[in-house]
Amino acid sequence: MRQRKERRISRAFYIGRFQPYHLGHHTVLTSIADQVDEIIIGIGSAQRSHEPENPFTAGERVIMVSRSLKSLDIDYYVIPIEDIQRNAVWVSHVVSMTPHFDVVYTNNPLVFRLFEEAEIRVEHSPMYQREIYSGTAIREKMLSGEAWEHLVPEDVACAIDEIKGVERIREIARDE
Ligand code: ATP
Ligand code: MG
């Protein structure tokens with residue numbers, strides 16, 4: 001009789017707003033990909049879009065992340081996660097929306113604390129050149145007309161062009 005293979009798959013969870021997904025995030029995920037079999041990427045504040053700090057929809061961010069991760073040798077799930085205004089039950093909310101995961105990588109102190117309190121393994125993820133790889137800095141460059149494309153994976157620059165993302169950011173800023 002054939003025996004079923006029972007090797008457990010190890011999965012990591014990583015969350016961000018990804019407004020937009022940039023090379024800082026991509027460097028972290030590239031190194032996580034060496035350590036686990038699968039990665040779950042949570043798209044945080046999924047319900048937000050068309051705001052100066054949150055210009056892109058969850059669906060647009062799913063495209064940015066999933067196209068960029070195709071070049072890594074790893075299986076992944078990209079899952080939008082809406083905010084709930086209640087930190088005490090946030091981990092349960094995340095767990096209810098995602099496949100099982102064994103470890104969380106984050107450098108957000110609140111995210112770290114909430115998973116640690118829930119007794120889920122959490123590792124610190126390092127920052128890569130935060131002065132240049134930052135969502136806020138990239139959105140500012142889009143607004144002011146400076147070059148930003150080199151700060152994101154090529155697939156992200158294409159996805160933003162496809163949806164006329166820079167025009168959107170400028171129009172939103174003008175409306176405010
Ligand atoms: P914003 O300026 O809009 O907050 P951000 O660059 O901080 O954007 P987020 O989507 O808020 O990006 O962050 C998701 C996670 O990625 C956070 O835990 C954040 O600390 C981390 N992160 C952000 N920039 C870098 C970077 N340069 N290197 C490594 N991790 C980063
Ligand atoms: Mg941030």
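How far does a polar side-chain atom of T136 lie from an oxygen atom of ligand 1?

Reply: The distance is 2.5 Å, from a polar side-chain atom of T136 to an oxygen atom of ligand 1. This is a predicted model: local features need pLDDT of at least 70, side-chain atom pairs count only at pLDDT 80 or more, and totals for chains, interfaces and linings use all residues. Residues are numbered from 1 along each chain as its sequence is written, chains are lettered from A and ligands numbered from 1 in the order written, and side-chain values use heavy atoms, without hydrogens or water.

Y14 uses its side chain. One of its N or O atoms is 3.1 Å from an oxygen atom of the ligand. Alone, ligand 1 exposes 590 Å² (Shrake-Rupley, 1.4 Å probe). The protein buries 89% of that area.

Now look at the whole lining. It has 19 residues around ligand 1 (a heavy atom within 4 Å). The closest are N107, Y128, R130, T136 and R139. Q129 sits in the loop between strand β5 (121-124) and helix α5 (135-144). Helices and strands are DSSP runs, H or I of at least four residues and E of at least two, numbered from the N terminus. Phi of Q129 is near 40 degrees, a positive value in a residue that is not glycine.

Return to Y14. Its ring pairs with that of F18: the centres are 6.1 Å apart, the planes 35 degrees, and the pair is tilted. Both residues are buried. Aromatic pairs have ring centres within 6.5 Å (Phe, Tyr, and the six-membered ring of Trp); planes under 30 degrees apart count as stacked, over 60 as edge-to-face and the rest as tilted. F18 also pairs with Y21. Those centres lie 5.6 Å apart with the planes at 65 degrees, so this pair is edge-to-face. Y21 is buried, like F18. A search of the whole structure finds six aromatic pairs. F13, W90, F101 and F115 form one aromatic cluster.

Stay on this stretch of chain for a moment. The peptide bond from Q19 to P20 is cis, with omega near 0 degrees. P20 lies in the loop between β1 (11-16) and α1.

Next, follow α1 to a helix that it touches. The buried residues of α2 pack against α1 (23-32), β2 (38-43), β3 (75-80), α6 (154-162) and α7 (165-175). Those buried residues are A58, E60, R61, M64, V65, S66, S68 and L69.

Finish at α7. K164 is found in the loop between α6 and α7. Its phi is positive, about 50 degrees, although K164 is not a glycine. I172 lies within helix α7 and is buried, with a relative accessible area of 10%. Beyond its neighbours within four places in sequence, I172 is in contact (heavy atoms within 4.5 Å) with H50, E51 and P52. I172 and P55 are 117 residues apart in sequence, but 8.1 Å apart in space, C-alpha to C-alpha.

Definitions and conventions:
Buried < 20%, exposed > 50% of the residue type's maximum accessible area, 1.4 Å probe, protein only. Polar contact = N/O pair within 3.5 Å; in protein donor to acceptor, adjacent residues only side chain to side chain.
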